[in-house]
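Take a look at the sequence and the 3D structure shown here. Then follow along, one region at a time.

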Amino acid sequence: MARTTKQDSVRELQRTLYRAAKADPGRRFHALYDKVFRRDVLERAWGQVRANKGAAGIDQQTIADVEEYGVTRLLDELAADLKDGSYRALPARRVFIPKPGRPGEQRPLSIPAVRDRVVQGALKLVIEPVFEADFLACSFGFRPKRAPHDALQVLIDETWRGKRWIVESDVADCFEAIPHSGLMAAVEERISDRQLLKLLHAMLRAGVMQDGAVTRSNTGTPQGGVVSPVLCNVYLHRLDRCWAARGTGALVRFADDLVVMCNSGPEAERALVALRAILAELGLQTKDAKTRIVHMREGGEPLDFLGFEHRWVRGNTTASRHLRFLVRRPTRKNMQRARDRMRELTLRKRLLLPVGEVVADLNRYLRGFGGYFRYGNSALDFGRLDAYAIERLALFVAKRHKRQRRYGYWRISQSPDRMGLIRLSGTVVAPRPNRARTG
């Protein structure tokens, strides 16, 4: 879909800010606040909030409520409040969601009000290009034109070059632990606009509401806020800079998940010591349960990073037996999660739904799963998931007709397109050293 003139004007604003920041690394921007309440910026922010959907904040106002109230009316009010300085962010609604693959563990999620999400989105549109100009190549998470597969390609390339001792870690409670004082200091390295800094500080201090009580803290960029990922990267950019000056090994960071790739065990030990020291200086620490040193060797233990299990293997054909290389496939947790989801979509309680609707739900999930994990050595896993999807669909069809499972298999076999169920097999794009992701 072609972009409208207003969307193009926002993109042009971002390009201008990026180029100015890139041309002068020491420049501090002093006139950004008026860009936040520009009409085209607010409309772009609203479009992104609407596309992301999401639940209501503490004011119980949903996306549908805003549309009924009037989007133009809301944006006019936000622009006026921001312009005269009367805008006040509401506390975010605190909820807890299960951590995937970790039974019993929960992740805190903060849900700002829709109106606050729009303002955060506008702020993000304005400040992100300024900091993008500074971010280093080792940072991949929540950045424009960068994806997890780009970070994963670095693992392929560096192990091929000999860096097969890997420090695996992540920053403990990163979104909740970032000190506001340090974060604001990091922002002020590039921005001197007092009104914008005041707005950002007020957002950080808005707090969260849980069980009717509002809690405010001097740390954290609550996970769930539109601008939080950018602020996380702004602060952890200090880690990247320190690593470039004092660290050893190749750092690969995706938000708060990271690995350091080294040539030897002693170097990996030094890298881990340096990582803990730098994080301590930033008021952060590694998560002990996920911090370890892995030696990628044939028959050795795997490395789990960004949803994939990575192993160092020898080629399994006559032509490739002399080669050793890194392969990646979905982790066992992700494979089990995929099976669990397909089981949920074909449970007995959904028998009243048309088969076509259930197939559409299965396809939607499989496309999402396959779209991410096809860039790997996932052929065997995809074959297993295809077989499991057929098994669940056959069982579902048989139950609808109160017949045995073989009846369901027979019905599917009589359909020229497997009742519309897609296949993951044949979609895999295997990674190669020194070659960007394609497809």
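**A walk through the model**

The charged end of arginine 403 sits over the ring of tyrosine 407, 4.3 Å from its centre. Bear in mind that this is a predicted model.

Helix α16 covers residues 405-414, and its buried residues are Tyr407, Gly408 and Ile412. These residues span an arc of only 135° around the axis, so they lie on the same side of α16. What do they pack against? The buried residues of α16 pack against α15, residues 379-400. Now turn to the other side of α16. There, Arg406 and Gln414 are exposed.

Next come the aromatic rings. The structure holds nine aromatic pairs. Take phenylalanine 369 and phenylalanine 373. Their ring centres are 4.6 Å apart. Their planes meet at 35°, so this pair counts as tilted. A stacked pair would need planes under 30 degrees apart, and an edge-to-face pair would need over 60. Where do phenylalanine 369 and phenylalanine 373 lie? Both belong to helix α14, residues 355-373. They are four residues apart, which is about one turn of the helix. Both phenylalanine 369 and phenylalanine 373 are buried.

Phenylalanine 373 also pairs with tyrosine 372. These two ring centres are 4.9 Å apart, and the planes stand at 90°, so the pair is edge-to-face. Are the two residues buried or exposed? Phenylalanine 373 has 6% relative accessibility, so it counts as buried. Tyrosine 372 has 22% relative accessibility, so it counts as partly exposed. The cut-off for buried is under 20%.

Now widen the view. Ring pairs link Phe308, Tyr365, Phe369, Tyr372, Phe373 and Phe382 into a cluster.

Let us move on to the strands. Strands of a sheet pair through backbone hydrogen bonds, either parallel or antiparallel. Here, four strands form an open sheet in the order β6-β7-β3-β8, with antiparallel pairing. Which strands stand at the edges? They are β6 (250-254) and β8 (292-295). Each has a single partner strand, so one side of each is left without a neighbour in the sheet. On average, neighbouring strands of this sheet are turned by 20° against each other, direction ignored.

Five bridges join β6 to strand β7, residues 257-262, and the two run antiparallel.

Glutamate 132 lies in helix α6, residues 114-132. Is glutamate 132 buried or exposed? At 12% relative accessibility, glutamate 132 counts as buried. What does glutamate 132 touch? Leaving aside its neighbours within four places in sequence, glutamate 132 is in contact with Tyr18, Arg143 and Pro144.

How far is alanine 23 from lysine 99? The two are 76 residues apart in sequence. In space, they are 42 Å apart, C-alpha to C-alpha.

Notes
Residues are numbered from 1 along each chain as its sequence is written. This is a predicted model: local features need pLDDT of at least 70, side-chain atom pairs count only at pLDDT 80 or more; totals for chains, interfaces and linings use all residues. Side-chain values use heavy atoms; hydrogens and water are left out. Rings of Phe, Tyr and Trp (its six-membered ring) pair if their centres lie within 6.5 Å; planes under 30 degrees apart count as stacked, over 60 as edge-to-face and the rest as tilted. Buried means under 20% relative accessible area, exposed over 50%, partly exposed in between (1.4 Å probe, protein chains only). A charge sits over a ring if NZ of Lys or CZ of Arg is within 6 Å of the ring centre and within 35 degrees of the ring normal. Two strands pair if DSSP finds at least two bridges between them. Axes are lines fitted to C-alpha atoms, for helices over the stretch in contact, and angles run from 0 to 180 degrees between N-to-C directions. Contact means heavy atoms within 4.5 Å. The arc is that of the directions from the helix axis to the C-beta atoms.
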